[in-house]
Amino acid sequence: MDAVVRFTNQSQGKDRIFRAAQYACALSTYILRNHLERKDLVAKLKSLESSMSAGRKLLRLGNTVNSIAAAKRSMRLPDRALCLSLTAANASRALYFLLDNVVWARSVGLIRNIDKERWSLNSSRCYFLSLVMSLSRDVYVVLQLMAQRARDKQFRQKMEAHLSESCEVAEAVVPQLDAFLFLLLESLKSHPAVALDVLKNACDLFIPLDRLGIYKSNPGVVGFCGLMSSVIGIVTLLEPKLTLKP
C-alpha cells in the first residue's frame, strides 16, 4: 500500500496512469468503432481520451528541466557508448517536452501566432529520436550481457546441452542462429530490467512512427502499444529494481 501511495504522489506516476487510461480509451474506441449500437460509448471514450491527453500535458510542464538534468548526469558516464546514447536520448526528450509545451500553450490560447501542426510534428521527431537513442542504449547493454554470458563456462555447457537436445531444430534452423537466440533469451531472462526497457521502448516507437508517416499502422496498434508501454512504466515505478540504470 505504501508503494502505491508513493507512486500516486509522484507526477510521473500520475502521468503514467493518465497515459494508460488514454491509450486504453484509444484501443477501446478502435475495437468498438464498427458497433453502431455503441456509438455513444465510443463518443465518451474519445472525449475521455482527449481529456487524459490534455491532463498529461499539464503534468509534463516541468519535464524539460528534468531531462536536461538527466542529460548532464549522463555526460559524466565513463562508458562512451552509454554516455553518447543516453545524453542524446535525454537531450532529444528535453526538446520533445519543450515543443510539446508550446503546442499545449497554442491549444489553450496562450500563444496564437504559430503553426500548431508543424510544431507538433517537430515534437514527434524529437520523441522518435529519443526512442531510437534509448533503443541503441538497450542494444548495447544486451550485447554486453550476451558477451558476459558467452564467456561463462557453465552457460556454455548449458547452451551445448540445449543444442544437442534440439537436433531437429538445429537442422531446420541455422545452428548459429539457434545459439544466438538461446543466448539472447537467456540474457534477457536473467536481467528483467533490460527486457522490460527494450519492450517498453519498442512499443513506444510505434507512436511516432505512425504520427510521422514513417510506418503507418492503425489506431488499434498505436493504442495497444501505448497501453503496453504505459503498464510497463507503471510496473517499473512501483518496483524500482526493474528500472534499467543508468
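Predicted model: local features only at pLDDT ≥ 70, side-chain atom pairs only at ≥ 80, totals over all residues.
**Helix ends, aromatic pairs and cysteines**

Gly 109, which follows α5, has a positive phi, near 90°.

Helix α2 (residues 11–31) was treated in the same terms. Its 21 residues should span 30 Å at 1.5 Å a residue, and the end C-alpha atoms are 30 Å apart, in agreement with that value. The buried residues of α2 are Gly 13, Asp 15, Arg 16, Arg 19, Ala 20, Gln 22, Tyr 23, Cys 25, Ala 26, Leu 27 and Thr 29. With residues up to four places away in sequence not counted, Ser 230 touches Arg 16, Arg 19, Ala 20 and Tyr 23. The relative accessible area of Ser 230 is 2%, so Ser 230 is buried.

Aromatic contacts were considered next. A pair of aromatic rings is described by the distance of the centres and the angle of the planes. The count of aromatic pairs comes to four. In one of them, Tyr 96 and Tyr 127, the ring centres are 4.9 Å apart and the planes lie at 20°; the pair is therefore stacked, the limit for stacking being under 30 degrees. This pair links distant parts of the chain, 31 residues apart, with Tyr 96 in helix α5 (residues 80–107) and Tyr 127 in helix α6 (residues 116–151). Tyr 96 is buried, at 13% relative accessibility, and Tyr 127 is buried as well, with a relative accessible area of 15%. Phe 206 and Tyr 215 form an edge-to-face pair, with 6.3 Å from centre to centre and 70° between the planes. Phe 206 is partly exposed, with a relative accessible area of 29%, and Tyr 215 is also partly exposed, at 49% relative accessibility. One aromatic cluster is formed by Tyr 96, Phe 97 and Tyr 127. A charged side chain is also placed against a ring: Arg 33 lies over the face of Tyr 30, at 3.9 Å from the ring centre.

Leu 163 is located in helix α7 (residues 153–165). At 24% relative accessibility, Leu 163 is partly exposed. The C-alpha atoms of Leu 163 and Phe 182 are 9.1 Å apart in space, the two residues being 19 residues apart in sequence.

A disulfide is a covalent bond between the sulfur atoms of two cysteines. The count of disulfides is zero. For Cys 83, the closest cysteine sulfur is that of Cys 126, and because 20 Å separates the two sulfurs, they are too far apart for a bond. Cys 83 is buried, at 19% relative accessibility. For Cys 225, the closest cysteine sulfur is that of Cys 203, at 4.9 Å, which is also too far for a bond, since the two sulfur atoms would have to lie within 2.5 Å. Cys 225 is buried, at 8% relative accessibility.

How values were computed. Residues numbered from 1 in each chain as written. Heavy atoms only, no water. Phe/Tyr/Trp six-rings, centres within 6.5 Å; stacked < 30°, edge-to-face > 60°. Helix = DSSP H or I, 4+ residues; strand = E, 2+ residues; numbered from the N terminus. Buried < 20%, exposed > 50% of the residue type's maximum accessible area, 1.4 Å probe, protein only. Lys NZ or Arg CZ within 6 Å of the ring centre and 35° of its normal. Contact = heavy atoms within 4.5 Å. Expected span 1.5 Å × (residues − 1).
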